[in-house]
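Work through the exercises below with the model open beside you. Try each task before you read its solution.

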Amino acid sequence: MAHNMGFLLGFISALAASAQNTLYKGLKQEDPFLISWFRFLIALPIVALLVTLFAEWAIPSFWFWILLFGVSLPLELAIIFLNIRAFQESPQSLIGPLFSLSPLFLLPLGYLFLKEISSFIGFVGIVSIIIGPFFLGKKQKRESLQRRIQNIAAERGSRFILGAAVLAALGVTLTKILFHYASPLLVTFYGIVALVMGITIILFWKGGFSFRAAWLHPSFLGIGALFSIVAATHAIGLSLLPAAYFISVKRFSLVFDVILGRVVHHEDNFRERMVGALFMIAGVILIAFG
């Protein structure tokens with residue numbers, strides 16, 4: 001029963017994450033940091049409640065705070081900007097699947113910093129992920145591989161999301177290091193607190209933002225509510241399933257990104273991007289279990 005609930009929460013988390021990505025395009029003119037300020041602020045009390053229910057409150061050691069504010073915070077701020085800007089600039093059905101290239105960068109980092117080595121199955125997963133983008137970039141029936149890559153490179157959002165994928169791999173590696181100092185839920189809570197503090201400083205430094213008006217914007221409220229669902233289902237789902245199982249289920253957000261991109265934004269090349277997304281999901285699953 002717990003496993004079934006874990007899988008259900010994984011699908012809910014994936015759908016909520018994709019719905020959140022859909023709303024980014026409706027806020028194309030808004031600052032990515034302002035968008036994230038609202039979603040983190042709304043999620044903060046929910047994560048605090050989860051810590052109270054499923055973990056223990058504690059003050060980590062000195063080195064935890066050095067890593068959190070000195071390395072993790074600037075890294076996460078860069079990921080936030082690149083990720084949201086990518087969805088604002090380019091088709092969701094292209095950007096969502098491209099973000100799953102992050103496992104390719106995670107493998108060498110995992111070996112260098114965590115001494116994690118991929119198996120043969122993991123290597124097959126890498127090949128599957130590499131194949132996926134060749135379908136994502138296809139626009140016509142007969143196009144060379146070079147042309148498909150050029151189609152992806154021509155999208156400004158592609159460059160943003162590839163940068164986010166590289167930094168996300170670094171972020172995951174650092175997060176696993178932080179788990180040596182505190183429980184996952186506690187790391188998540190302190191991480192969100194640090195992000196709220198950092199983004200608040202950035203927004204006041206930039207100036208010219210109407211926080212009151214943003215509170216009334218349906219898309220801001222929707223993103224905040226959806227991120228709360230993602231945070232809650234992620235934390236609870238991980239407690240019910242092995243991490244590899246749960247993260248693999250969450251990767252179905254790639255499929256939801258392609259579907260919502262077609263249904264909501266009427267994006268082209270649906271069939272090709274769905275095939276590419278499925279290749280990349282298969283690759284992520286193989287890496288997770290390999």
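## Ground rules and overall fold

Read along the sequence, the protein chain runs α-α-α-α-α-α-α-α-α-α-α-α-α-α. This is a predicted model, in which local features need pLDDT of at least 70 and side-chain atom pairs count only at pLDDT 80 or more, while totals for chains, interfaces and linings use all residues. Residues are numbered from 1 along each chain as its sequence is written, and side-chain values use heavy atoms, with hydrogens and water left out.

**Exercise 1. What share of the 290 residues in the protein chain is buried?**

Step 1: set the classes. Buried means under 20% relative accessible area, exposed over 50%, and partly exposed in between (1.4 Å probe, protein chains only).
Step 2: read the share. Buried residues make up 47%.

**Exercise 2. Describe helix α2 (residues 32-54).**

Step 1: take its span. The 23 residues of α2 reach 31 Å from first C-alpha to last, close to the 33 Å expected at 1.5 Å a residue. The expected span is 1.5 Å times one less than the number of residues.
Step 2: find the bend. α2 bends by about 35 degrees at Leu44, the angle being taken between axes fitted to the seven residues ending there and the seven starting there. A proline, Pro45, follows within four residues.
Step 3: check the N-terminal end. Asp31 caps it, with a side-chain oxygen 2.7 Å from the backbone nitrogen of Phe33.

**Exercise 3. Which residue forms a salt bridge with Asp31?**

Step 1: use the cut-off. A salt bridge is a side-chain nitrogen of Lys or Arg within 4 Å of a carboxyl oxygen of Asp or Glu.
Step 2: name the partner. Lys206 pairs with Asp31, the closest N and O atoms being 2.6 Å apart.
Step 3: Asp31 sits in the loop between α1 (2-26) and α2, and Lys206 in helix α9 (residues 184-206), 175 residues apart.
Step 4: Asp31 is buried at 12% relative accessible area, whereas Lys206 is partly exposed at 39%.

**Exercise 4. Where in the chain are Glu89 and Arg156?**

Step 1: identify the contact. Glu89 and Arg156 form a salt bridge, with the closest N and O atoms 3.5 Å apart.
Step 2: locate the pair. Glu89 is in helix α3 (residues 62-89) and Arg156 in helix α8 (residues 156-178), 67 residues apart.
Step 3: classify them. Glu89 is partly exposed at 25%, and Arg156 is partly exposed at 46%.

Note on methods:
Helix = DSSP H or I, 4+ residues; strand = E, 2+ residues; numbered from the N terminus. Polar contact = N/O pair within 3.5 Å; in protein donor to acceptor, adjacent residues only side chain to side chain.
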